[in-house]
Amino acid sequence: MVDESDVRRIAELADVGIPAEILPTFTAQFNRILEYFDILDTLGDERTGERSLHTVLREDEVCQSLPNEAVVANAAESEDGFVKAPRVM
Amino acid sequence: MEDRFNAYLLRSEDPGLDSGPLAGRTVAIKDNISTAGLETTCGSRILKGYIPPYDAHVVTLLREAGAAINGKTNLDEFGMGTTTENSGYGPTLNPVDSSRVPGGSSGGSAAAVAAGLADLALGTDTGGSIRCPASFCGIVGLKPTYGRVSRYGLIAYANSLETIGPMARTVADVSALYRVISRPDPRDTTMQGRPYEHDPVASVRGLRIGIPAEFFGAGVDPRVSAKVQEAIETLAGCGAVIVPVSMPSMKYALAAYYITCTSEASSNLARYDGVRFGPGGESQRSWHDAFTAVRGEHFGEEVRRRILLGTFALSAGYYGRYYGKAQTARANVAGDFERLFGSVDLLAGPTMPTVAFRLGELADPLSMYLADVLTVPANLAGIPAISVPCGEVAGLPVGLQLMGRRFDDETVIDAAAAFEAEVTA
């Protein structure tokens, strides 16, 4: 079970706004879903889902890409071929 | 023709080519598949105005095959839903009964085909999003084997589960569209280089068809069960051998599916910050405040719920309990299918537990999730599955679901063709 402050915290982590007026309903629905997920607690600890890990990374190869204008065309704000983003600090 | 069902988000008039396997055929494309120069929104307000600079591989193949692309179809936002009511642009109505939903998330594609607005359509299927609307609208829809259709240009929701697939009014048309879109593409590294080049053979003679008891369990409308049992008898009458089987892992499939897809979604949807595409944020605010504001305002409630569920399932302290267990359950589902396909060629059951819901009927999110219980197993295991119409209950279509071995889409399509031929004869 989670409470409203937990949902607010997860929402902050995920950069998703949950307005205060829907928080109680949202939390109740969230809990009903988590209760359903509890069915997995009855699943034995079989560990069959774990696979050995191996790297699937290939060599990095330069290949043809989209032109810069096409990439920035959808940005709300751009300057000199760069996308403008909110300040980090 | 007028779109009375809100099937399309955008209509276009591409004449297609004079020659090619799809020359003269109109094709509608679900709006989470990228189309160069045509707005692609995923049914989300956060992508309003986004014009992809490139075509998805399947769209390139459609154009080369001469198809006339006639528009982009409505969907639950980013494919997250079972009714197409979660679209940021209003719900699509079911052409069979406009007080009902068309199913989802490829509801616009199904409605376009069912209403005769398009000959063929592309949908995407993450947990049943092609088969559910095909069932509810009385058309045919195939979820191909994972790795047989390129996902390049499909805007990602849950990469390990989702695939693009064909929808049409007949099995022959589904097969024809599948032939065109199932071509190799090095840009999707999960492609297995196994193109579909089959012409359907309408026969089930000698095939062993397993009927998992769990597909007729609690929650399945008895009238739907009865209609599907009739369909199975029809297959038996055509020479199939019917074998009762059991699939114990079904108990955990839905929870495994929702934990996996929301976890993948929480990562995939992190890219929607309004900066590189979308509405734009206030660049004077800090990035955290700006992103939260733009995502809170432009994502619908179901999308936010799934991002939160996934973030929670992957968070420290809960990972083992949710995501870890879900992967065990997923492997068990795949294991059950492998075991069953050792002794049968196909599995059959209902596509959906019910007929199409009334608009607004599924107000609670969990009750909507539960409607996916019969379709998610195929996605968890990556196997092919088709929904083919098998009659009506109270005037609303019912779908027969046929599932097959990985990369044996051919047998699934042959059996669907045999059933269709028998019931339309």
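**View 1. Helix α1 of chain A meets helix α8 of chain B.** In this predicted model, A:Val7, A:Ile10, A:Ala11 and A:Leu13 from α1(A) touch B:Leu308, B:Thr311 and B:Phe312 from α8(B). Touching here means that C-beta atoms, placed from the backbone, lie within 7 Å. Helices (H or I, at least four residues) and strands (E, at least two) are DSSP runs, numbered from the N terminus. Sorted by class, this contact has six nonpolar, one polar and no charged residues. Ala, Val, Leu, Ile, Met, Phe, Trp, Tyr, Cys and Pro count as nonpolar, Asp, Glu, Lys and Arg as charged, and the others, Gly among them, as polar.

**View 2. How α1(A) and α8(B) cross.** The two axes come within 9 Å and cross at roughly 95 degrees. That makes α1(A) roughly perpendicular to α8(B), a label that covers 65 to 115 degrees (under 35 is roughly parallel, over 145 roughly antiparallel, the rest oblique). Axes are lines fitted to C-alpha atoms, for helices over the stretch in contact, and angles run from 0 to 180 degrees between N-to-C directions.

**View 3. The side of chain B that touches chain A.** Zoom out, and 47 residues of chain B are in contact with 35 residues of chain A. On chain B, the elements giving two or more residues are α6 (250-268), α7 (287-298), α8 (301-313), α9 (320-340) and α10 (365-370). The top contributor is α9(B), with nine residues. This side of chain B has 25 nonpolar, 13 polar and nine charged residues.

**View 4. Chain A by itself.** Chain A has three helices and two strands, in the order α-α-α-β-β. Its radius of gyration is 22 Å, well over the 12 Å that the globule rule gives for 89 residues, so chain A is more spread out than a compact globule. The radius is taken over C-alpha atoms, and the rule is 2.2 Å times the number of residues to the power 0.38.

**View 5. Two domains of chain B.** An automatic or database assignment gives domain 1 (8-210 + 347-424) and domain 2 (250-327) of chain B. Their C-alpha centres lie 25 Å apart. Where they meet, domain 1 brings 29 residues and domain 2 brings 24 residues.

**Reading the labels.** Residues are numbered from 1 along each chain as its sequence is written, and chains are lettered from A and ligands numbered from 1 in the order in which they are written. As the model is predicted, local features need pLDDT of at least 70 and side-chain atom pairs count only at pLDDT 80 or more, while totals for chains, interfaces and linings use all residues.

Technical notes
Contact = placed C-beta atoms within 7 Å.
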